[in-house]
Amino acid sequence: MLEFLETMHPGWFTLLALVENILLVGVGALLGHVALRLPGAQRLTPDPGPVSGQELALVASTTVLNTAVTVAGWWLWKAGVIVLTTDLGLGTLAELVALVMVMDVLMYAGHATVHLRALFPWVHRLHHVFADARPITLFALHPFEAIGFGAMWLVVLAVHPFSVAALAAYTALNLIFGILGHLGVEPLPQRVRGNVVFRWIATPTMHVGHHAEPRWNLGFYTTVWDRLFHTLEPGYDLRRTAPVPEPYRIGT
């Protein structure tokens, strides 16, 4: 597979990358649709209603920019800046864990940065226009954010050789966490989210709380950095462990 990708014409690879990113949006929307209908799912925000033209335009823009990042990564790989392997086994699992933890801290730092008073109105506020989130809200980003997160991803890949399997698994996990965080519902049953493991792993409730009150819950995959830097919603653990999570009041 890697040999085939290396010999592809740039135009064909760009088309392949575009199809891949369109499929990621489509799969994300489908997963969200399924999660919204899981038995026992509790709605935490008002129903967002019909999707707006602005949100669709931002999703389209992010899809195109993510395609550009994919193509840039392909060129860097062909130039030897990014090294990929076909390794499998425990090393691949270790790489996946490393990717999740490194991206978790970097994305927390980037998220906290765009929430600074000087930057928020110009960049990240656009994402928070959609407070009553739906699955595709994950992709409704300001172009600068899409480029910034993409560049961050490419830098991480350039620092260390990673296996294709670890990258694929991370991409799937990233999509799942992003979609679950933008459902506006808590699909996990109380016996699951009440487990001590989910004290540290982010639940859908965590990111829904961020959309309701943007100063809290800046993390993505874990609660580690929010707990360390005191940006975790004060009542989050009570919400997380409650039999029926209390709905958020947007804008409070």
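**View 1. The whole chain in outline.** With 252 residues, a compact globule would have a radius of gyration near 18 Å, and the chain agrees because its own value is 18 Å. That radius is taken over C-alpha atoms, and the globule rule is 2.2 Å times the number of residues to the power 0.38. This is a predicted model, in which local features need pLDDT of at least 70 and side-chain atom pairs count only at pLDDT 80 or more, while totals for chains, interfaces and linings use all residues. Residues are numbered from 1 along each chain as its sequence is written, and side-chain values use heavy atoms, with hydrogens and water left out. Along its principal axes the C-alpha trace spans about 55 × 45 × 40 Å. The chain holds 11 helices and four strands; these are DSSP runs numbered from the N terminus, helices being H or I of at least four residues and strands E of at least two.

**View 2. Cover and contacts across the chain.** Of the 252 residues, 44% count as buried, meaning under 20% relative accessible area with a 1.4 Å probe, protein chains only. Among contacts between residues at least 6 apart in sequence, 74% join residues at least 24 apart; a contact means heavy atoms within 4.5 Å.

**View 3. Helix α3, residues 53–78.** At 1.5 Å a residue, the 26 residues of helix α3 should span 38 Å, and its end C-alpha atoms agree, being 38 Å apart. The expected span is 1.5 Å times one less than the number of residues. Buried residues of α3 include Glu55, Leu58, Trp74 and Trp77. The buried residues of this helix pack against α1 (2–6), α2 (10–36), β2 (84–85), α5 (125–128) and α6 (143–159). Just after α3, Gly80 takes a positive phi of about 85°.

**View 4. Helix α9, residues 204–212.** Helix α9 is mostly covered, with nine of its nine residues buried.

**View 5. Gly150 in helix α6.** Gly150 lies in helix α6. Gly150 counts as buried because its relative accessible area is 7%. His115 is 35 residues away from Gly150 along the chain, and the C-alpha atoms of the two are separated by 18 Å.

Definitions and conventions:
Buried < 20%, exposed > 50% of the residue type's maximum accessible area, 1.4 Å probe, protein only.
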